[in-house]
Amino acid sequence: MAGYDWISLTTDYGLSDGFVASCHGVIARIAPAVRVIDVTHAVAPGDIPRAASVLAQTVPHLPPAVHVAVAGPGTLRPIGVRTPGGVLVGPDNGLLPWASAALGGAETAVALTNAEWFLPSASGTLPGRDVYAPAAARIAAGAPLTDAGPEIPLADVVRLPDPVVASGDGWLEAEVTTIDRFGNVQLAAGADAIGTLADRLVVGGVKAVRGATISDAPRGALVVYVDSAGRIAVAVHGGRAAVVLSVVPGDLVRVVRA
């Protein structure tokens, strides 16, 4: 059967240990022709919403692939999800549904229970290496997803709560979904909300402007714009909006007319 030329990896493993390299090695042993794209391994340990957001915003830009995602405890039920745009493999903790929606929606989900697909020396503490990487390699090599284990109802797959978004006449309140390494604050609101906002704004009590790019604000000032993922975001021209607003993912940010 046809498989995939690519596997992507998104984890909270970091790069100071050999965990990521071992995942690469398992894939290379089973499917040496398959290439691997590292999405990120810098997700904070156990930060499932952050991993889910990064994965969902990245997969539409990748080639058709098997996407391995790992964040959170290693004892959770392992699953695989087939979509029109690829296959997702990871724990059943809410990490996969946003990405499956970004790839066209879940078509089939299975519980990964076929022990013949796993490493014989599986430790139980590193599922990325022992369960997800070998399963992804077999799927990429052409094995049917249904050979990995029994089908499970799509409604039984764990979902994260939808981020909070509310808006009205000239105002917006939305949950912080991610903060990138530059300190830019991404909100859960989509790009269509930018047109409802005034040119002069107040964000979390701090004056801001609406712009198309970060440089549309004076240096040191806040700007509200649409980021590369199509979400409303807040940045500081030459600074870190997360520090200015004192927010972390999950906080609510209110944007109002100045």
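Which element gives the largest share of the lining of the largest pocket? That share, five residues, comes from H2, a helix that spans residues 48-58; helices (H or I, at least four residues) and strands (E, at least two) are DSSP runs, numbered from the N terminus. This is a predicted model, in which local features need pLDDT of at least 70 and side-chain atom pairs count only at pLDDT 80 or more, while totals for chains, interfaces and linings use all residues. Residues are numbered from 1 along each chain as its sequence is written, and side-chain values use heavy atoms, with hydrogens and water left out.

A pocket is here an open set of points on a 1 Å grid over the protein atoms alone, where a 1.4 Å probe fits, with protein on both sides within 12 Å along at least five of seven lines, and its lining residues have an atom within 4 Å of a point. The largest pocket is lined by 20 residues, and Gln57, Thr178, Asp180, Gln186 and Ser228 lie nearest its centre. Besides H2, strand S9 (171-179) and strand S10 (185-190) each give two or more residues to this lining.

In the second largest pocket, helix H3 (residues 97-102) gives the most to the lining, with three residues; the lining residues include Val81, Leu96 and Arg159.

Turning to the whole, the protein chain has five helices and 15 strands, and its C-alpha atoms fill a box of roughly 60 × 35 × 30 Å along the principal axes. Of its 258 residues, 47% count as buried, that is, under 20% relative accessible area with a 1.4 Å probe, protein chains only.

Terms used:
Buried means under 20% relative accessible area, exposed over 50%, partly exposed in between (1.4 Å probe, protein chains only).
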